[in-house]
Amino acid sequence: MSKKLKVGILGATGMVGQRYVTLLADHPWFEVVLVAASPHSAGKTYAEAVAGRWKMTVPIPAKVKELSVLDVNQVNLIAEQVDFVFSAVNMAKDQIRKIEEEYAKTETPVVSNNSAHRWTPDVPMIVPEINPEHTEVIKYQRQRLGTSRGFIAVKPNCSIQSYAPALSAWQQFEPTQVIATTYQAISGAGKNFEDAPEILNNVIPFIGGEEEKSEKEPLKIWGRVDPTDGVIIPATTPVITSQCLRVPVLYGHTAAAFVNFKQKVTKEELISALESFRGVPQELQLPSAPQQFIQYLTADDRPQVRYDVNFEHGMGISIGRLRPDKIFDWKFVGLSHNTARGAAGGAILCAELLKSQGYITVK
């Protein structure tokens with residue numbers, strides 16, 4: 001690409017915003033030209049705004065360090081300077097829905113990490129390897145918004161990445177029932193150990209709203225675009241039930257999952273389906289795409305956060321401990337990086353897909 005697309009990051013000072021800043025530092029297609037946050041941070045340099053709360057393990061990229069933080073509510077001013085934005089704002093859901101639509105109506109595409117628009121029927125919720133065809137609903141969303149270029153696309157909840165990709169690879173065997181218990185890292189709440197003393201030597205058996213997301217969001221991903229009504233119709237199977245726990249881990253969501261299938265299937269067939277599962281990002285060799293989307297680990301004590309969370313730079317999924325169950329057909333353990341694949345990295349890959357499909361272009 002001879003000219004990089006100009007990117008703004010909304011909510012740039014939070015943990016996910018910081019992850020965007022680091023992942024986009026040397027991106028071959030996108031360049032961060034603008035950072036925005038709450039009015040409290042506006043007017044400061046980015047370095048000043050995150051002073052004392054920079055949570056990444058690498059320094060602030062030099063190109064972003066001295067950028068002046070804009071007020072995220074200055075929609076028109078920001079929209080004039082960028083080709084599209086990533087959204088990771090920390091607001092009430094109704095405020096997020098409103099401001100993301102305001103940006104879209106300035107003809108600025110919005111790729112969002114937030115949950116506010118995940119159930120808007122004409123907003124695609126994308127895992128690029130699984131449902132890239134859902135971007136077709138954007139044309140109907142644009143009709144509703146009255147735009148020719150602007151739209152909103154979202155990525156799903158971080159925790160479902162640890163088991164939904166495996167179930168996607170197994171769709172041919174028709175999963176019917178799933179139990180998924182997730183053990184989620186504290187960075188999923190935007191915290192590190194200094195911010196979360198309550199998690200030390202502890203497990204918290206509640207994460208607000210997480211179980212509903214875990215049970216319903218995969219069904220939208222496996223759904224279909226209905227051209228008659230211009231919306232995404234969620235799938236009705238498999239039925240998923242879940243429990244979500246916060247554990248003393250910095251990065252990495254682990255899932256213990258149980259699954260029934262309509263068809264009889266062998267362990268060898270299940271593993272082969274995981275290892276051969278590829279999607280459009282791999283075919284197009286998108287910049288952030290993992291070469292191997294899902295790996296299967298044969299050791300009894302894997303996957304482990306310590307060894308496997310950074311598989312494929314955090315963009316790959318690790319599955320292990322696949323074995324028969326006494327009540328369900330099979331059970332397994334999955335692991336995903338919650339702020340790479342599960343948050344900023346997944347949204348960046350989504351933007352790469354949208355660019356490759358012609359939905360995001362230079363203004």
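**Glutamine 141 and onward**

Reply: Glutamine 141 is buried, at 0% relative accessible area (buried is under 20%, exposed over 50%, partly exposed in between, with a 1.4 Å probe and protein chains only). The model is predicted: local features need pLDDT of at least 70, side-chain atom pairs count only at pLDDT 80 or more, and totals for chains, interfaces and linings use all residues. Residues are numbered from 1 along each chain as its sequence is written, and side-chain values use heavy atoms, with hydrogens and water left out.

Me: Which residues is glutamine 141 in contact with, leaving aside neighbours within four places in sequence?

Reply: Asp122, Val123, Pro124, Phe151 and Ile152, where contact means heavy atoms within 4.5 Å. A polar atom of the glutamine 141 side chain lies 3.1 Å from the backbone oxygen of aspartate 122.

Me: Where does glutamine 141 lie?

Reply: In helix α6, residues 138–145. Helices are DSSP runs of H or I with at least four residues, strands are E runs of at least two, and both are numbered from the N terminus.

Me: Switching to α5. Which of its residues are buried?

Reply: Ile96, Ile99, Glu100, Glu101, Tyr103 and Ala104. Those buried residues pack against several elements, including β1 (5–10), β4 (84–87) and α6.

Me: And what comes after α5?

Reply: Glutamate 107 follows α5, and its phi is positive, near 70 degrees.

Definitions and conventions:
A polar contact is a pair of N or O atoms within 3.5 Å; within protein, one must be able to donate a hydrogen and the other to accept it, and residues adjacent in sequence count only if both atoms are side-chain atoms.
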